[in-house]
Amino acid sequence: MEHTAQVTLYTLLMSDRYQKHIDTGLLCYLQSDQTQGVAVRRSDLVGIIMRRNELANDILKASRTQVLPPMLKSQSMCRGCRHLNVCTIYHKAHGGSSGSSGLGDLFDSNTHHLTNAHAAFLRLWDWLIDLEAKEMQLVKNEIWRSHNSKSDYAGGCLSSVVLDWKLPYSKSKKDNRFVYHFLRNGLPSLSERTSNGDFLNAASSPTKEVDCALRCGDFVILSSESSHLPVASGIVTDISHSHVSVSFSKLLRLPGSSPSSEASHLLEEIWRVDKDEFMTSFSVMRLNLVQLFLQSAQAAHVRKMIVDLEAPRFDKGRILSQDPAISYVLSQRNLNVDQRQAILKILAAKDYALILGMPGTGKTSTMVHAVKALLIRGASILLTSYTNSAVDNLLVKLKAQNIDFLRIGRHEAVHEEVRGHCFSEMNIQSVEDIKLRLDQVKVVAVTCLGITSPLLANKRFDVCIMDEAGQTTLPVRIYLVMDV
Ligand code: SF4
């Protein structure tokens, strides 16, 4: 039923895209190699649209009032529902009970471990995520209101750009993506410039006008200025004072244009490239948050530290023992007393250790020595920070110490000095090669939001080191703590 409804919705999208009435579709199951036809019935379509409207209404209400819709009170449906855990936890956090859930003992067995303090914690952070999401939405709306080019640049966007008519796009062999080249409207083609990128006609140089906050590796949204419609999401692969190249997973298509006129419409269109500040996935944050309240032993342990604020434990006995990692730290003459104590604290931590230091006090160097000491113990380490630049800053120092590591991240966003440690620069031929490399390497580095990469889905680490942890919010960090 779920899949049939999905196909029915796709026929709506396709009817809109191709301006034709489409009333049938195919449902293909790759695993069982079964295919079945789906005929769209008007009554089904009406039912789906009504459910869609109810859902949209509930989401809107929940985001405004923090009141979730009531549970279905159906033992048969809820028992098999994959959202049962999350649904019952939220229901309890918002004052629900086994009676109001309609699930009786099933509800109690899922939520009996949650205290009033846990419920209050979940409500508070859920509310904070809501506030942040609303703020982001306001910024997003502002994109469409703003047409002042100068203020656009400060906000990380480039308006009034056109496709380079001599070379609108090229196909990247490396990742099979389509790289489109945009110029400020009215400027000559890239191919009409000197080899260093300057314009042949110096009088037309746009240096001042096109300076903006976009950088290589930024996620961007491309939209049409005439219709104000977002057309595609891509990644900036190259940018200068006069042009920007953006890679997309598919060829660009303008809504409503026919295949025969598509190419000319794309060239005539005036475009706008906006930095996608909204990649931070609020759904990931919510998912992280609710992980804290599941019933597993790991969730209970992390919950004690984060929600119940139980003090972290340290292995004092080990400091006095003959641990080669400790010997290493004590032998490093270039470490000052504070740095040495910080690393010893990390080595003694059973749960976590927080290292606080003012800028310039040598935190990053301390981390490098901490990594070396942990590697002496044979630990596997997840290295992370909120931004790519902070992660790479640490990695450049590790590289200088000949420490092997793997960097997970988009090639364009990674510092060129450490790109050689990305999968994109390795001779990877198969999934087996990826698994082998992940098994071999002891240090893996990724940004906090990149931790959800499927490459790391089954990977567990002994230790997680997070640089500049104060830059992130708690729901972003939870996933990292749950991963070790
Ligand atoms: S568990 Fe929650 S989401 Fe799932 S069917 Fe029941 S009420 Fe709906």
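**Notebook: helix packing and the ligand site**

I looked up α14 (residues 337-348) and α15 first: they pack at an angle of about 40°, with axes 10 Å apart. Helices here are DSSP runs (H or I, at least four residues), numbered from the N terminus. I took axes as lines fitted to C-alpha atoms over the stretch in contact, with angles from 0 to 180 degrees between N-to-C directions.

The model is predicted, and local features need pLDDT of at least 70, side-chain atom pairs 80 or more, while totals for chains, interfaces and linings use all residues. Residues are numbered from 1 along each chain as its sequence is written, and side-chain values use heavy atoms, without hydrogens and water.

Next I checked α13 (residues 324-331) against α15 (residues 363-376): the axes come within 8 Å and cross at roughly 150°. α13 and α15 are therefore roughly antiparallel.

Last, I listed what surrounds the ligand (a heavy atom within 4 Å): Met71, Leu72, Cys78, Cys81, Leu84 and Cys87. By class I noted six nonpolar, no polar and no charged residues in this shell (nonpolar being Ala, Val, Leu, Ile, Met, Phe, Trp, Tyr, Cys and Pro; charged Asp, Glu, Lys and Arg; polar the others, Gly among them).

Key
Helix = DSSP H or I, 4+ residues; strand = E, 2+ residues; numbered from the N terminus. Parallel < 35°, antiparallel > 145°, perpendicular 65-115°, else oblique.
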